[in-house]
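Please read the following note alongside the sequence and the model. The points go from charged pairs to cores and then to helix packing.

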Amino acid sequence: MTGSPPGGASAEEPPGAYDILVIGAGPAGLAAALYAARGGLRTVVVERGPVGGQIANVDRVDNYPGFPEGVSGSDLAERMEEQARRFGAVFSVGDAGIGAIDLASPVKTVGGMRARAVILATGARPKGLGVPGEEKLRGRGVSYCATCDGAFFRDRRVAVVGGGDSAVTEALFLTRLASKVTVVHRRDRFRAAPFLVDRLLSAGNVELKMNRVVVAIQGEEKVESLVLRHPRDSARESHEERIDLDGVFIYVGLSPETAFVKGKVDLDRDGYVLTDEVMRTRVPRVYAAGDVRAKELRQVVTAVAEGALAATTAEKDLSEK
């Protein structure tokens, strides 16, 4: 650990406590760690999964400034981690969970670690469809990460469910591997950026199923087919369409990773953390940044900006008597 508490440690801040504990090592958490450590604060980052969060599974990031040719998500995450470590940030990665957490006390505790301030940067996880067969066949043809699992479906038939940037981007990635990619979207037009849609439509092995929802994923030991229906159709089987395929990749939104702080900080009705414009929650010296936070735009560039702002705000608050 490097650095010392701004203004000196008080009696309520025992020796050995970090200044800032960041929960989550996605882009927001990594930026927060960089700014906090570079500011001379003793900084630790806690992450139960791979460093990088969701971005580590993205094949290509084209909209992060400074990389005109694009950059793989894993490479971007590695560079961010290396930069934070260079200024003294410490990483605790791979634990099953964060353990007991106390955010109300002046000295915060997270899984046995103590800190004067905590930045929540746990991000969000992919939502499921909640249809028959999804849980049974998870990992046996049902996936939420084309970059992770796409290689298993080389020269096979797959479907991508969703119509946003993530769905279209991952569908494009799969066109380079699968023999056929069927994109299923519940609306009549995509929500993704037009240039992504144009690239998708120009691929020769893509089939669109617009105005369709998945009502079942079928298969015994692995995915064998999808059952589709028009969103406004009745539940009669005569209105259903069956597509034979080998895998399905689901991109229908995100759920924030906030169950562990429910009742400890304010959340909106969807479970995202509520903050002010400088990333403060209602709890003193507790901040939130990135996809875990209630906001309009969830992109790498906004996550990084919010992580930097959270750390800067925390540094200011810690320096006040």
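1. A salt bridge is taken here as a side-chain nitrogen of Lys or Arg within 4 Å of a carboxyl oxygen of Asp or Glu. The model is predicted, so local features need pLDDT of at least 70 and side-chain atom pairs count only at pLDDT 80 or more, whereas totals for chains, interfaces and linings use all residues. Residues are numbered from 1 along each chain as its sequence is written, and side-chain values use heavy atoms, with hydrogens and water left out.

2. Arg 157 pairs with Asp 246 in a salt bridge whose closest N and O atoms are 3.6 Å apart. The two lie in distant parts of the chain, 89 residues apart, with Arg 157 in strand β9 and Asp 246 in the loop between β14 (241-244) and β15; helices (H or I, at least four residues) and strands (E, at least two) are DSSP runs, numbered from the N terminus. Arg 157 has a relative accessibility of 36% and counts as partly exposed, a class that lies between buried (under 20% relative accessible area) and exposed (over 50%), with a 1.4 Å probe and protein chains only.

3. Across the whole structure, the search finds 22 salt bridges. One of them joins the side chains of Arg 199 and Asp 62 at 3.9 Å, N to O, and this pair links distant parts of the chain, since Arg 199 sits in helix α5 and Asp 62 in the loop between β2 (43-47) and α2, 137 residues apart. Both partners are partly exposed, Arg 199 with a relative accessible area of 38% and Asp 62 with 37%.

4. A further salt bridge is formed by Lys 180 and Glu 207, with the closest N and O atoms 3.2 Å apart. Lys 180 belongs to strand β10 and Glu 207 to strand β11, so this pair ties together parts that are 27 residues apart in sequence. Lys 180 is partly exposed at 36% relative accessibility, and Glu 207 is partly exposed at 25%. Through shared partners, salt bridges join Lys 180, Glu 207, Lys 209, Arg 212 and Glu 241 into one network.

5. Which residues have the most contacts inside the largest nonpolar core? That core, defined as a set of buried Ala, Val, Leu, Ile, Met, Phe, Trp, Tyr and Cys residues joined through side-chain atoms within 4.5 Å, has 37 residues, and those with the most contacts inside it are Ile 20, Val 22, Tyr 64, Met 80, Phe 91, Ile 119 and Val 300. Two or more residues come from each of β1 (18-23), α1 (27-38), α2 (73-86), β6 (113-120) and α6 (300-319), and α1 gives the largest share, eight residues. Apart from this core lies another, of 22 residues, which includes Val 158, Ala 178, Val 183 and Leu 200.

6. Val 22 deserves a separate look. With residues up to four places away in sequence not counted, Val 22 touches Gly 29, Ala 32, Ala 33, Thr 43, Val 44, Val 45, Val 46, Ile 119 and Ala 121, where contact means heavy atoms within 4.5 Å.

7. The axes of α1 and α2 come within 8 Å and cross at roughly 20°, where axes are lines fitted to C-alpha atoms, for helices over the stretch in contact, and angles run from 0 to 180 degrees between N-to-C directions. Pro 27, Leu 30, Ala 33, Leu 34 and Ala 37 in α1 meet Ala 77, Met 80, Glu 81, Gln 83 and Ala 84 in α2.

8. Is helix α4 (residues 165-175) mostly covered or mostly open, and how many of its 11 residues are buried? Helix α4 is mostly covered, with eight of the 11 buried, namely Ala 167, Val 168, Glu 170, Ala 171, Leu 172, Phe 173, Leu 174 and Thr 175. These buried residues pack against α3 (146-149), β9 (157-161), β10 (180-185), α5 (194-202), β11 (206-210) and β15 (247-250).

9. The axes of α4 and α5 come within 10 Å and cross at roughly 30°. Their contact is made by Asp 165, Val 168, Thr 169, Ala 171 and Leu 172 of α4 together with Leu 196, Val 197, Arg 199 and Leu 200 of α5.
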